[in-house]
Every structure is written in structure tokens, then in C-alpha cells.
Amino acid sequence: MMNCELLATCSALGYLEGDTYHKEPDCLESVKDLIRYLRHEDETRDVRQQLGSAQILQSDLLPILTQHRQDKPLFDAVIRLMVNLTQPALLCFGSVPKEPSFRHHFLQVLAYLQAYKEAFASEKAFGVLSETLYELLQLGWEERQEEDNLLIERILLLVRNVLHVPADLEQEKRIDDDASVHDRLLWAIHLSGLDDLLLFLASSPAEQQWSLHVLEIISLMFRDQNPEQLAGVGQGRLAQERRTDVAELEVLRQREMAEKKTRALQRGNRHSRFGGSYIIQGLKSIGERDLVFHKGLHNLQNYTSDLGKQPRRVPKRRQAARELSVQRRSALNVRLFLRDFCSEFLENCYNRLMGSVKDHLLREKAQQHDETYYMWALAFFMAFNRAASFRPGLVSETLSVRTFHFIEQNLTNYYEMMLTDRKEAASWARRMHLALKAYQELLATVNEMDVCPDEAVRESSRIIKNNIFYVMEYRELFLALFRKFDERCQPRSFLRDLVETTHLFLKMLERFCRSRGNLMVQNKRKKRRKKKKALDQSVASGNAPYSPEELEAMWPSLAEQLQCRAQDSELSLDSVIPFDAASEVPVEEQRAEAMVRIQDCLLAGQAPQALSLLRSAREVWPERDVFGAQDISPEEEIQLLKQILWAPLPRQQGLEEQGAEEDDEEEEEEEELEVVQVSEREFNFLDYLKRFANSTVLRAYLLLLRSYKQNSAHTNHCVVKMLHRLAHDLKMEALLFQLSLFYLFNRLLSDPATGAYKELVTFAKYILGKFFALAAVNQKAFVELLFWKNTAVVREMTEGYGTLDGGSSSRRLPGWSPEEEAQLRELYLAHKDVEGQDVVDTILAHLKTAPRTRRQVIHHLVRLGLADSVKDFQRKGTQIVLWTEDQELELQRLFEEFQDSDDVLGNIMKNITAKRSRARIVDKLLSLGLVAERRELYKKRRKKLAPSSLPNEEESLHDFCQEDLEEEENVPEKENEEDEEKEEGSEPEQAQGGSVLSAEYLGQSLHQEGFSAPLLWLQNCLIRAADDREGAGCSQAVPLVPLTEENEEAMESEQFQQLLRKLGVRPPASGQETFWRIPAKLSPTQLRRMAASLSQAEEEEKLQLGLESKVPGEPGLEEEHQQEEEHQQEEEHQQEEEHQQEEEHQQEEEHQKEHRAHALRTLLLARKKKAGLVSPEEEGTNGGKEQLIMAPKKRQLLDSDEEQEEDKAPELGVPGIRKKKRFQIEDDDESD
């Protein structure tokens, strides 16, 4: 419903009586009010929609425009309002909305715009606009006011907006050669003379400020036209067009005749009364038997396993991009007008207008993405010029190397933006398609210049081609576009133009190479140079390792120099900086390089400089005393320098070894510099063609070949030509041995209209013949059909598998002989347990074989099974790891000081001077004999019990946790467990018992909050996981999938999630998993203990409910037993009611209730045995049930508590059962 203010404003405009419009006195103010309303409309564009539904533009604004043109203020205001109303919907909403409600508003605004466009398709409206524009253009620049320029711009914008409105094809339903709304609009522009004014604006040097507006209007006028068809209008049908039409009709006729023949064969002369069923031998059905066919034999050839199946729905994000541009033939009179307009534009306006627009683009005077109109005009008018009467002078402005560079630059930019801006990838792909079309037309025009009779034109073409083929970016452009082709963003038309452009480029390049003999081209290569950290040139030394004898001979002279300078406390430190401040590597991570620099100074005989570096490094990195303590003595400094001299520090390697070792030496700090090396080399066309022998490029070509029926003959020729180049010219037929291509060949050869695709059929037979010839020699060729192949696999298929291994390439790594492997094994076993040295460096120093790199040795150790992974040999740093005598004494002192604390190992690591990993400290304590087992160093966990709790109860709880620790100790440790992460990772397993106990009381509180059913489901999941792991012998993470609403709500509860974490259940990984998972590291024993803790929580809750009425003057055991029996009866009654309400969970509920009842009976029997009230019959009948129901851990806990309570009962004078109750209540305050 229209707003009342808007309705009143529209009514105040005036009224239409017949063909005459009578304006109201306040018509101008009403138009201004409407402009103000549009300025303040909301995001749904409500004002625009209400004005569109009221048809204000058709009934009021257009009559005012045509009949009251002399009222200049009103005319200007109406033009302003119409420009606002006809604004494109994309500009109003920013983009096509994805939300349904906003998309509805977008489509509604678009419908109103289409109605406006139809209303403008009249000669009167454009006649008034052209007359006004003509009068304004008659004024000279000195007579023209600012208001006149604004009115010119608004008229051009109004024409642009009207032409921009897309056509509604479903509503118009126009065929070719029929006049659509857009055609009628163009004809009205022609009759009004506005086209002549546009040509004047495009050709006049004084009106260059309107060049972008004019170019945009012209591009919208020709957006549905084909330049080649437009150039041939009025010249009669060409012979080539007639041949094309005849070929298309012949294909249709052949297909129709084949269908008639098929239908005739399917109809028998006599109806068979025996339908029958047949067995197709060799074709299996769902089971092991042959397929049964229930139809006639004439339908057998049409049988497929996909009959009756629902086609798989393709998600929207994976659907192929749709074609947005639709070409159609306009009415003949419109096409004649457009042809004449193109001819006049090329002769008088093209060069001047394109130069002006290019200048605006380069000077950034244009708006964003205005270069797309430039590229469209370049492609359209150059194609029209080439198809009409080729005259290179008419398009000389855009026929240059600079234009090639401009198009290539924009094409590369669009290509990169499409890969990075994934949300707007489709828009960037459309812009990239426009740039590709412009590039294609530039190449086609240059190719046309080669056959021009004018020698100057041919020379210009040769110069352009020489420049294009010389630069590497132009040659690499097509490879990059093929490799990153994405059919989800780029439509099939883009792929077609890319294939045709590549075909044209290769044809021109091949012809140019043949005419020149040898072609020199530019070659660019990005070389990464490894630059060592800035070292003093006098300190540089070779990387050859020194032998121990050489170091021994070198040390006395170094020690003498150090003795002289060590006492000099004023040794200059300012001139020596131990780190590179300009490096991208943080200063904290340059410590290893500083240590290497100190060693280099010592090896070069520069002892004073090594001492200065050591003292400077100590100031920069004082932590962990890697470079010595702050109060280190001169003698200790000399000893530390000696250790550094002898230490096997990691070093940078030569460039030839870096390529082999790649990323294994990441800890060596170095700076990478990218240097682009530009050189010239002789061009080889076949080498360039090999770059297209790629599976990604082949996939794109086969994707286009699948639609060979819809493709033009030229497109199919381009595809087959490229495949023929790869198969025949490069001798890589095996590259096309792919099952999807063979399936396409089968469809092609069975097509009734194969006569129209003779080139395709010939090529298919050639490839199939090559394949079957190879299959006769290589039986594995049938398996190779399933995979895409590269050039290496093609060579192995044709020349024999293992051909590449037997090649004499200099890059091939030397093999390991049995003697070398034996020596490697011996060296590894001898040095793997030596602490303080890198085993791989030691092996490299003693290996008496061909030169090997660190990576080769490591990989061969893993291949021999001597190591589990390459990660076992990652070097941890450069600090000295040998234990000195003082450090051992310090460790012994710290152990004696903290051996009675809760966390012995943690306190030692906090207070030890030389920081080491947890695993090394533990190993050293074991080797010194300070501890006998690792378990003695585990962190002791205290339980928060009430002051009235007995010591025996605490001991019982500690025994329970200790049993878990003992079970964890029984698990064998790995031999290479040295990392600190592995040692710390075992702590959660050591605290498993404590987490189970805390889980009991979390489960009890969850029972009270109504989570009984989810707890029962969780318990069953844990038991099933334990059974599966015992039966299978292996374990993997098991997801907890809630299938009921109650379980889903529980999984979302924070308290329930806290219980899962206490039990060790792993939460879902972010972005990859949905459900919580039972980790694979939990053993069946641990899982059953967790399940038992959940059942204990429920049993203890019921036990507490039965004992809550007890006070200091509590009743006797017989009264207590009676209360328990009453409570049990209530429970059974409640079980029956729940059984009736939840029939779908009947079996599971009955089993759980029976489990609870047996647990209560067992507890009551234990009490009766204490009090001596149980009869032998009861003991005999219930004993077996107790053994079946009670979990082993629970029985052991209860028995130990009962024994302790029996011992203490005479002293305290209270029943033992009361202590049991108090133990359960107080332990609820336990902290983890």
C-alpha cells in the first residue's frame, strides 16, 4: 500500500486528460519532494517500489518531459528524478542479494525498470532529449554554464540507465529477426537523431570529458549483437554462411533418419505374446548372479545401470557457471542502422575516442572497472573492421604493443583477483572474459595484417609479432589461464574463447618460427639465493670439518691468545654485534648462528674476536646461561670456548646440497633473496608445446570436447588440432589414453551424424589404434586408462617401466651397496645412545663411502627400519648437553631438597641452573641411582577431605589412584622417548584414577538434575567401545552420536561436557569434526572403569536417599533394611510406569533398572553380613549376583573401606556404614 505522503505528493503533480497533461501549480515542489523521498529511502528501496507500482514515470513524468519542456526548472527537476528512478538495480542494492526477502525486493525493482524501458521506447521522449542536447552542444565552452554541463551529463546518464535495463526474455518471447523492446528503443534513438549527437560527442576534441559516457552508451547499444553478422548485413548471404547452414541441416537430417531406423527395428512385424526374461551373461546384478533382463531384446542395447536411479543433486557451489551474454539477431532495419553507425564510428570517431578513454584510464580519471568498456569496444569494432572491409588504419590507435601490454596487464590482474577474492570470483571472471576477447581480437587483427597486400602493413605486423613472441609473459599467459580454469566461475564460452585464442597464438608462433629459422626470446628465471648472515670477511672459513688432531694442534695457540685477553675486562663490545638486526628472523632465534660465528672465529685463529662475540652474546641472550653465567670467571670462559670449538654445530651448506636437502635444515638461520635473472635463449617450438602436455590442460580441452554437438566446426577443429599436436608432433599418444576420453570417442563413433565430424572421427580412430597396439605389448595399459598421466608416466608406458630409474642423469642419487648399508647400520648402533652428539653428524664424519647428505642418511636409516620417522633426527639446538661434574652435584642437591615435595621433578626443573628437558633430567636421575623407577618422580595429588575423615579412608583413596598409576607403568615405553612433550603427555594418563573418582560425583549431580537417560547412554557407549577394542585387538577414535533429543540436549550442557572431559573424551576439532570422540589411547580396562564410575554415581545417589533420614538417634539396621525395601518397591513401581511411557527403549531400560536393583541388593547384603543378620540362604542366592554385577574396582574399594571401618568401629563407637556414607559425601569436594 502506498504511503499517504507519497500519494499526496504524486497527486499534486498534475493529471492527464486525453493526450494533454495539466500540471498543478505546485508541480515543481512535488517533484523536488519525490527526489527528497528517494534520497531517504530504506535498504529495501520502498519509495522506489511504491513509485514504480503507481507508474509515476509512465503517467506523469514522461508527459511532463514531452509537453512542458519550455519550463526549464521543472524540466531539470524531472530529468533529475528520472535519472534517480532508472538507476540500475545493482547500484541500488550493491549486488544481487542472496537473502530471499531482499532478493524479492531486487526482482521487484528490476520489473519496474523493465516497464520504464518499454515506456521510453517512443520517438517523442528521445526527440525531446535529443533537441535539448543539441541546443546545449551548440553553446561554446565560454557560453556554457555549470547548469548546462550538469544537464548534458544527466541526459547521457538517463540514456545510459534506460539502455542498461536487461531484457525480460521470458516475458517478451521474441525470436530472431523480430523487434524486441531493446530494438524499439534503438530505433527511437535513431529516429530522434540522438545517434548523430553521440557520434559528434565521440569525434569532437572539445567534448572529450564525455568520452566515457559515450563509450558506455555505445557498448550498451551493441551488447546483443555479433560483429561478424552485423558486418554482413545487406550484402546477401555469403557462400560460407550457406555452406554452414547446409551442413547443420545435413546433421539434423542424418540424426532424424537414424532415429526412424531405430524405431523401425524396435517394432516387430508380429506382436510376441511371450514377453520373457533373459539373463545377461558376464554382467553381474547386485549379488553374485548374472543380471536378469525383463524387456525385449530390441531394448537391450539401451540398457544402463543408471535406469531408474535418481540423478545426484549437484550443490550450488559446485554447479557450472551459467552463460550471461545472449546474442540474437535484431530486426533488419535495426541491424542496417547499427551497421551504418559502426562504419561511421570507425571512420570518424574510433581512434580519437579510444585514445581519449585510454588517457582517462591511465590518468585514473575514470571510475572503477571502466576499463571493461574500453576492452569491449576494442574487441567489437576491430572484429567489425576485420569482417567488413579490413582497413588497419581505422583501428591504428589500438593496434600497438602498448595495447597488448595494457590488455595483458589487466587480464593478469583479473586472473589474480579471481583466485584471491572468492566471493566476487564470478564478476572477476566476466571481466577476465572481456580482456581475453580483446586479446583474441588483437591477435586476429595482427594475423590478418600478414596477408594484407600492403608491404608496410605486413612489416608492422612482423614488428608487433616479434615484440610479442620475444616477451615471456605473453607466452606464459595461456598456460596460466588453463591451469587455473574453474568451471564454477568461468562459463563454457570463456573456455571456448581461450581454446580458440590459444590455437591462433600457436599457429602464428609456429609460422613465425618457420619463417625466421631461429628465434631468440627472452627468458626470466627467479633464482633464490641463500645469503649467509653478515660475517666479518676476515672470519669467513670453509665448511670442511676439522679432525680431532687438528683441533688439538690448534688449541694451544688459541689458549695463549685467550689467556692474554681474558683478563682484559675493558674488551670492546660495542663494535661486535652478535645478531643481524635487519634480518626477518627474530633476535631470539639467531642464537644458533651466533654460536657458529664464535666457532668460525676460533677456527680462523681470531681468538680475541671470538671472546668479544661470546661476551656480547651473553649480554643479548642471558637466559639459560648458554653463553656462560654473568659472573663467569676467565678460566671458565676459556673452557667454554674450548667446548664450542669441539662441538659439532649445524652449519649452512652449499647451494648444490641445499637443493637436495630442501627443508630439513630449517634451523640454520639464513636470508632468502629472490633475484629475477633475465637472459636470452633460442626458442624451440616443440619445447614450448611440451608445456601444454599437462593433465590440467587436457581436462579443460576434454570438457569443451564433450559438447562437440553444440560447438562450431571451428571450435572442434581447435580442440582436435591441439590434441593432434600433443599426440603426433610430440609423440605422446599415451597422454590421451584416458577412460573419459575413450568414453567420448565411443559416443562420437556411435553418433548417427558422424559424417559431419570427419576430423574428430579420424583422430579418434588414430588414438584408439595406437592404444590397442600398445596394449598388445603392455597389458598394464588397461589399468593406466583410469589415471591422468604426465610425461614421465607416458615414457614409462611406451618404453618400459623402470626406464627412468635406469637413466644416466647426473641428478640421480647414488644407490647404497650392501657394504655401505652394513657400515651405516654399524655406525648407527654404535653412536645412537651417545649423549651430547648428533648421531647423523657422527655417521657423516665416519662414513667411508661416496659423499652423502644428511637427508640421504636419515631417509636410508628410516628405510632400513633403524628409525621410526625422520622427525627423530631433528636437531634441538646448539647448546652443550653434556653433564659436567658441578651440574651433577647440583642435580643431586636439588633432588635431596625436594624429594619429599609433591612435585619433585617440577621443582628441580624450576631451580636447576642449566635448563634441560624433562626426559633428560629423568634419565640422569635414573643413571645416578637417585631413583629406582620413573614412577617415583610422578606428581603426587592430594585429596581435599574433611577434617573428620579418617586416615584410613585417605589411604584407601590413595591406593585406588596408585593402582591406576601401576597399570599405566605396566605399559612399555618407547625406546626413543626423549622429547619433553612425550613425557608431559603421560601425565593425564597417570591421573586417570583421580579423574574417574571426580567423574563419579559429577555423574551423581547430573543424576539429580535429570540426566539419567543420557548417563545411561554414555555408559553403554563406553562399554560397547571397550568390547569392540578387546575383540578387534586395535583401537580408533569412536564418535559419540546422540540420536535422541534428550541426548542432544545433554551433549550441549556445560556440566555434561565437563563430565566428558573428566572421563577423557575428546571434544570435536574445530572446523573438521562434529561429535565428541572416545580417544583411541584409552584401553578397555579404563573404559570399563569409567562406565563403572557412572553406575556407581547412581547407586550411591540411591544409597544416600535411603540414609538421609538417619540422625544421631537413628533406627536400627532392621528399620533401615525395611526403608530400603520400601524404596526398592517404589523404584520397581516407577520402572513399570516408565516402561509403559517409553516403549521404544524397553529392553535398554529394563536392563538398566535390573542393574540398579542388583547393586542395591548387593550393598544391603554387605550390611547384613556386617551386622550378622543375613541367613545362609540369602548369602548363597545373592553371592553369585554380587560377583556378576559389581565391578572389580568397586568391590575392591568397598571391601577395603569395610575392613578399615571394622577395625576403627570399636574405638570410635559408631557404625561402619555411617563412615561409608560420610566418605562419599566428603569426597565430592575433591579438586583435580
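1. The chain has 54 helices and eight strands. The model is predicted: local features need pLDDT of at least 70, side-chain atom pairs count only at pLDDT 80 or more, and totals for chains, interfaces and linings use all residues. Residues are numbered from 1 along each chain as its sequence is written, and side-chain values use heavy atoms, without hydrogens or water.

2. Of the 1232 residues in the chain, 44% are buried. Buried means under 20% relative accessible area, exposed over 50%, and partly exposed in between (1.4 Å probe, protein chains only). Contact means heavy atoms within 4.5 Å. Take the contacts between residues at least 6 apart in sequence: 73% of them join residues at least 24 apart.

3. The largest nonpolar core has 197 residues. Such a core is a set of buried Ala, Val, Leu, Ile, Met, Phe, Trp, Tyr and Cys residues joined through side-chain atoms within 4.5 Å. Phe120, Phe222, Phe381 and Phe692 have the most contacts inside the largest core. Helix α20 (residues 425–449) gives this core its largest share, 13 residues. Apart from it lies another core, of 29 residues, including Trp555 and Trp621.

4. What does Phe120 touch? Not counting residues up to four places away in sequence, its partners include Leu57, Met82, Phe126 and Val162.

5. Now look at helix α19 (residues 401–420) and α20. Their axes come within 9 Å and cross at roughly 155°. Axes are lines fitted to C-alpha atoms, for helices over the stretch in contact, and angles run from 0 to 180 degrees between N-to-C directions. The two helices are therefore roughly antiparallel to each other, a term for angles over 145 degrees.

6. Which residues of α19 meet α20? Among them are Phe404, Ile407, Leu411 and Tyr415 in α19, while the α20 side includes Trp428, Met432 and Leu436.

7. Glu552 sits in helix α24 (residues 548–566). Glu552 is partly exposed, at a relative accessible area of 45%. Trp646 is 94 residues away along the chain, yet the two C-alpha atoms are separated by 9.4 Å.

8. Neighbours within four places aside, Phe898 is in contact with Val904, Asn907 and Asn911. The C-alpha atoms of Phe898 and Ile908, ten residues apart along the chain, are separated by 7.4 Å.

Definitions and conventions. Helices (H or I, at least four residues) and strands (E, at least two) are DSSP runs, numbered from the N terminus. Angles under 35 degrees count as roughly parallel, over 145 as roughly antiparallel, 65 to 115 as roughly perpendicular and the rest as oblique.
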